[in-house]
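Hi,

Here is the structure I said I would pass on.

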Amino acid sequence: MRWTRPSLAVIAAALLATSCSAGAGSTGGAAGAGAAGAAGAAAKETSPLTATLGTEQQSAGPAPAVPGARAGGTVNVYNSVEFRHLDPQKVYAGAAYNASLLWGRQLTQYQVVDGKATLVGDLATDTGTPADGGRTWTYRLKPGVAWEDGQPITAQDVKYGIERSFGKGYEVGPPYWPQWLTGAPDYEAARARYAGPQDGDLAAIETPDERTVVFHFPQPQADVPYMAAQSSSSPVRRDKDTGTEYDRRPFATGPYRIVEHVQNTRMVLERNPYWKAESDPIRHQYPERFVFTYGKEALNLNQEILSGRDGGADATTASDTLSPELYQTADTDPKAKDLVVSGRQGAFVTQLVINNERVPDVEVRKALHLAYPRRQARQVQGGARTGELATTLSSPALIDWQAYDLLPAKPEGDPEAAKAQLAKAKQAPGSLSYAYRNTPNGQRVAQVLVDGFAKAGITVVPKPIDPKAFLDEVHRADSPYDLFEETSSVDWPTPSTLIPFSFDGRAGSDINSARYRNPEVDKEIDRINGIGEPRAKAKELYALEQTVMKDLPVLPFAYPTVNQLRGSNLGGAFIHPIYGTVSLAWLYLKS
């Protein structure tokens with residue numbers, strides 16, 4: 001990035017020299033993965049990786065070539081369930097982000113070389129130019145970038161795409177643009193000030209010409225380059241905006257375009273003839289086609305990839321991980337072991353989420369924490385290879401991360417300590433409902449929790465949910481569930497998007513999934529958001545994290561490692577250090 005003010009340059013260098021995200025390791029031989037280590041090392045180590053700010057030259061393109069890559073063929077992508085959203089302003093999950101790099105581009109994006117992520121300009125010439133103490137940010141689009149029909153991508157398309165994120169139905173996506181551009185405390189307050197393109201022009205975004213976008217913020221915003229990499233920063237062309245149908249087939253700006261999509265069944269991508277490699281520092285266009293297949297059981301699709309049958313040799317998964325039933329095979333069979341692609345799952349943390357509206361007594365939540373059979377829950381999911389047991393809300397992969405354990409608990413659970421804690425509750429719960437994805441893995445974990453909590457006198461009633469409906473069910477405002485497991489991440493390698501969004505009592509249940517309400521925490525969020533120096537802001541946010549954890553709104557479970565499979569004929573597979581799944585945009589077929 002080309003910083004224009006020395007003070008900001010110093011801040012950026014200090015921040016990004018130590019900022020980090022997930023580890024990237026691969027046994028698939030990808031140039032992107034480098035030598036970050038095998039699955040065992042990834043599971044044991046909690047060391048940060050560097051993430052650097054790219055220069056204008058690094059932003060120019062083309063992407064660094066993958067050694068040994070060849071062009072041609074069809075890559076098969078298997079997923080047990082389809083992505084929740086494809087509309088770029090609604091995408092808000094790592095696997096969907098990662099897959100959407102095939103057909104979508106943003107102002108900035110992460111270039112990955114040897115497992116290390118560099119934030120560079122994608123559609124933009126660099127990662128942005130700040131002014132007015134970070135209240136104004138300017139981006140220039142590269143010349144010659146085009147839509148799938150050959151029409152140029154314009155600054156007005158970028159503005160329209162971001163304006164869409166204010167609209168009704170788009171609250172499922174990141175809230176940052178609406179809040180930052182209006183100065184509102186939450187998404188609903190932002191919508192009250194501007195409700196989307198139907199309200200006309202959003203004055204906070206200027207487009208003085210077809211290649212220039214200028215953002216004006218009421219408050220300083222140091223993290224705009226990161227937000228510019230989010231899918232919600234993607235352009236949308238007004239004449240191609242099909243409303244809810246856009247969630248099925250967004251118009252392409254990346255190296256591939258969607259030519260067929262039968263929801264929950266199949267999606268086919270073909271090369272976009274108007275994508276130019278010389279303008280794209282992120283992606284490749286090696287395969288001719290990608291065919292996504294949805295609906296198979298995770299175990300079955302993993303077995304197909306391991307065996308190479310029915311197209312499995314040319315396949316990988318978009319988000320499904322190596323099934324626990326196949327761990328022994330992967331550990332003992334050298335050929336199978338070579339097909340496992342492993343790495344830390346971004347800056348993700350897995351937690352047992354407690355609905356604080358339904359379980360308001362902190363003493364009950366403390367009892368759950370003490371009784372939680374973490375070790376057993378991890379064991380039925382694959383043991384240590386699935387990740388390290390966690391004690392914090394934030395991931396060790398973040399800048400200046402601080403370790404703590406405010407209420408030490410035995411990894412196997414401590415029923416007697418939990419019973420003593422429960423005796424302090426004003427009213428012990430009769431039973432608690434536990435929602436889980438109705439998959440073999442979900443069923444195993446559910447049984448472990450039922451048995452473990454029962455030893456402490458806590459009755460847990462398991463509630464299976466169709467995996468396709470799980471997120472909608474547990475996040476809806478009137479959700480009837482007391483507990484559920486969730487793996488989530490900050491949106492970039494700083495703590496700026498953890499407490500201020502996931503634990504802000506003014507946020508809706510789609511973001512504040514624990515329904516945590518603490519007015520004092522909300523006041524601190526407002527104060528900290530006014531801090532313009534990133535390292536000082538991070539320090540205050542980590543202190544606030546510990547304040548939140550005294551209330552135990554969620555129970556940390558693990559810093560997860562991800563293990564996925566790639567077919568024997570598939571090259572270029574590695575775990576993306578930011579998005580935490582196999583990176584499809586680097587894949588190629590060996591023959």
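Contact, as I use the word here, means heavy atoms within 4.5 Å. Bear in mind as you read that this is a predicted model.

Let me start with T182, which sits in helix α5 (residues 176–182). Is T182 buried or exposed? Its relative accessibility is 14%, so T182 counts as buried, the cut-off for that being under 20% relative accessible area. If you set aside the neighbours within four places in sequence, T182 touches F166, A190, R193 and P218.

You'll find a cis peptide bond between G61 and P62, with omega at about 0°. P62 belongs to the loop that runs between β1 (51–53) and β2 (74–79).

Two residues have a positive phi without being glycine. R515 has a phi of about 55°, and its place is the loop between α16 (499–502) and α17 (519–529). With 3% relative accessibility, R515 counts as buried. For L552, phi is near 45°; this residue is in the loop between α18 (534–549) and β19 (554–565). L552 is buried too, its relative accessible area being 4%.

On the α17 side the contact is made by V521, E524, I525, R527, I528 and N529, while α18 brings in K537, E540, L541, L544, T547 and V548. Sorted by type, the residues of this contact are six nonpolar, two polar and four charged. One thing to keep in mind when you look at the spacing along the helices: an α-helix has 3.6 residues a turn, so residues three or four places apart point the same way.

Now for the sheet. Five strands make up an open sheet, in the order β9-β10-β11-β2-β12, and the pairing is mixed. At the edges are β9 (256–262) and β12 (315–317), each of which pairs on one side only. From one strand to the next the twist averages 20°. Inside the sheet, β10 (residues 266–271) and β11 (residues 289–294) pair in the antiparallel sense over five bridges. If you want a residue to look at there, M267 has F292 in β11 as its bridge partner. Helix α8 (residues 298–307) lies across β2 and β12, and runs at about 145° to β12.

Last one: helix α14 (residues 440–454). Which residues of α14 are buried? They are G442, V445, A446, V448, L449, V450, G452 and F453.

Cheers

Technical notes
Residues numbered from 1 in each chain as written. Predicted model: local features only at pLDDT ≥ 70, side-chain atom pairs only at ≥ 80, totals over all residues. Heavy atoms only, no water. Helix = DSSP H or I, 4+ residues; strand = E, 2+ residues; numbered from the N terminus. Buried < 20%, exposed > 50% of the residue type's maximum accessible area, 1.4 Å probe, protein only. Pairing = 2+ DSSP bridges. Axes fitted to C-alpha atoms, helices over the stretch in contact; angles between N-to-C directions. Nonpolar A, V, L, I, M, F, W, Y, C, P; charged D, E, K, R; others polar.
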